[in-house]
Amino acid sequence: MAPAFRLSLKAKVSDNMSHLMVDFAQERRMLQALTFLPVPSAPVIDLAESLVADNCVTLVWRMPDEDNKIDHYVLEYRRTNFEGPPRLKEDQPWMVIEGIQQTEYTLTGLKFDMKYMNFRVKACNKAVSGEFSEPVTLETPAFMFRLDASTSHQNLRVDDLSVEWDAMGGKVQDIKAREKDGKGRTASPVNSPARGTPSPKRMPSGRGGRDRFTAESYTVLGDTLIDGGEHYWEVRYEPDSKAFGLGVAYRSLGRFEQLGKTAASWCVYVNNWLQVSFTAKHANKAKVLDTPVPDCLGVHCDFHQGLLSFYNARTKQLLHTFKAKFTQPLLPAFTVWCGSFHVTAGLQVPSSVRCLQKRGSATSSSNTSLT
């Protein structure tokens, strides 16, 4: 504490000059009157009150002892694929949020690209911070996938979760293929596997070459199978795209087949060529959707219930629901012509979507002709 105090000492000499004394009685009284802030205790995270929902995490904690000297709290979190206590060797860094005034905090707008999140919190007063709480791990269930570039039409340029239609794509790739002829196969965005930690349901890149989509099927598939549960993802497409579609398909969808034109796929389709149309398609049957076309669409797939619903991602307005009996695992499927789109994965099923789903077909658009 030396830098915080300064003593003013006065010399006092005896009459016969035999003793030299220093009087610091006043300073001693001042020091004895000082009170020091104690080190705050470690908070306790309340798992029962903490919540993971709607791509948000609300964390609640309490102090083991009453302490009215707490000035603020510091929260740290990081993503992980391991449940249980945090591991000492972890690639993901701790993210820090400072200056929290309450004993709870909500992280919003998250994308859950890993299965769990670690959390810890510490209390701080004006002088010092205490120890971190015992860290906790919360599960963050969400559907995370990437686009499988090996399935994409040669005119589609795939970059992780973004796709752009390129009229010269096929010619450029043919030239590169001829240049590399005889030099062995090299890694390229088309042939490279999806990045990130492989999932047990993630499909190997096996549709390359002759099995990729071709002709007028400007299609690309996701790389992770849906064989159960509920899943949700969103897609934002460029409004000036001439044609755009999204939905789900069986892995067996043929390389020449377009989304919605066979029994192996279900989709909603926007056509801006000549005149604007917005339709739901399956088995080469189409139903016109009498609603403005949103620029961002949400897809909710309940595999066991056989429900595939499409929403305005911004307002959560239900646009259409397919009722089907899925006999094979599904893959997210997309198509675009003269345009581009971006997929947002790692999202949880919104609470509003779950509520609409529970209300049944009373609030959804009937599709008895498109089962």
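Of the 371 residues in the protein chain, 44% count as buried. The model is a predicted one. Its secondary structure comes to three helices and 24 strands. Seven of the strands form an open antiparallel sheet that includes β12, β13 and β24. Seven strands also form an open antiparallel sheet that includes β11, β18 and β19. The salt bridges number 10.

**Chain overview**

- The protein chain exposes about 20900 Å². Carbon and sulfur atoms supply 51% of that area.

- β12 (156–159) and β22 (318–323) are the edge strands, each pairing on one side only.
- From one strand to the next, the twist averages 20°.
- Helix α3 (residues 351–358) packs on this sheet. The helix touches β15 (230–237), β20 (296–302), β21 (307–312) and β22.
- The direction of α3 makes about 130° with that of β21.

**Strand β13 and its two neighbours**

- On one side, β13 pairs with β12 in the antiparallel sense, over four bridges. Valine 158 has valine 163 of β13 as its bridge partner.
- β12 and β13 form a hairpin with two residues between them. Aspartate 160 sits in the turn and has a positive phi of about 60°.
- β13 (residues 162–165) also pairs with β24 (residues 340–347), again in the antiparallel sense, over three bridges.
- Two bridge partners in β24 can be named here. Serine 340 is the partner of glutamate 164, and histidine 342 is the partner of serine 162.
- The covered face of β13 holds Val163 and Trp165. The uncovered face holds Ser162 and Glu164.
- Glu164 also belongs to a network of salt bridges that links Arg157, Glu164 and Asp166.

**The sheet from β11 to β19**

- The strand order is β11-β14-β23-β16-β17-β18-β19, with antiparallel pairing.
- The edge strands are β11 (147–148) and β19 (285–288), and each pairs on one side only.
- β18 (residues 277–282) and β19 run antiparallel and are joined by four bridges. Histidine 282 has lysine 285 of β19 as its bridge partner.

**Salt bridges across the chain**

- Lysine 126 and aspartate 71 meet through their side chains in a salt bridge, at 3.3 Å from N to O. Lysine 126 lies in the loop between β9 (116–124) and β10 (136–139), and aspartate 71 in the loop between β5 (56–62) and β6 (72–80), so the pair ties together parts 55 residues apart in sequence.
- Lysine 126 counts as exposed because its relative accessibility is 70%, over the 50% cut-off. Aspartate 71, at 27%, counts as partly exposed.
- Arginine 146 and aspartate 160 form a salt bridge through their side chains, at 3.5 Å from N to O. Arginine 146 is in the loop between β10 and β11, and aspartate 160 is in the loop between β12 and β13, so this pair ties together parts 14 residues apart in sequence.
- Arginine 146 is buried because its relative accessible area is 18%, under the 20% cut-off. Aspartate 160 is partly exposed at 32%.
- Glutamate 230 and arginine 354 also meet in a side-chain salt bridge, at 3.0 Å from N to O. This pair links distant parts of the chain, with glutamate 230 in strand β15 and arginine 354 in helix α3, 124 residues apart.
- Glutamate 230 has 31% relative accessibility and counts as partly exposed. Arginine 354 has 37% and also counts as partly exposed.

**A nonpolar surface patch**

- Leu31, Leu34 and Phe36 make a nonpolar surface patch of about 290 Å².
- Leucine 31 has its place in helix α1 (residues 25–33).
- Leucine 31 counts as partly exposed because its relative accessibility is 41%.

Terms used: Residues numbered from 1 in each chain as written. Predicted model: local features only at pLDDT ≥ 70, side-chain atom pairs only at ≥ 80, totals over all residues. Heavy atoms only, no water. Pairing = 2+ DSSP bridges. Axes fitted to C-alpha atoms, helices over the stretch in contact; angles between N-to-C directions. Contact = heavy atoms within 4.5 Å. Patch = residues over 30% accessible without salt bridge, like charges linked within 9 Å, V, L, I, M, F, W, Y side chains within 5 Å. Areas by Shrake-Rupley, 256 points an atom, 1.4 Å probe, with all protein chains shown as cover. Salt bridge = Lys/Arg side-chain N within 4 Å of Asp/Glu carboxyl O. Buried < 20%, exposed > 50% of the residue type's maximum accessible area, 1.4 Å probe, protein only.
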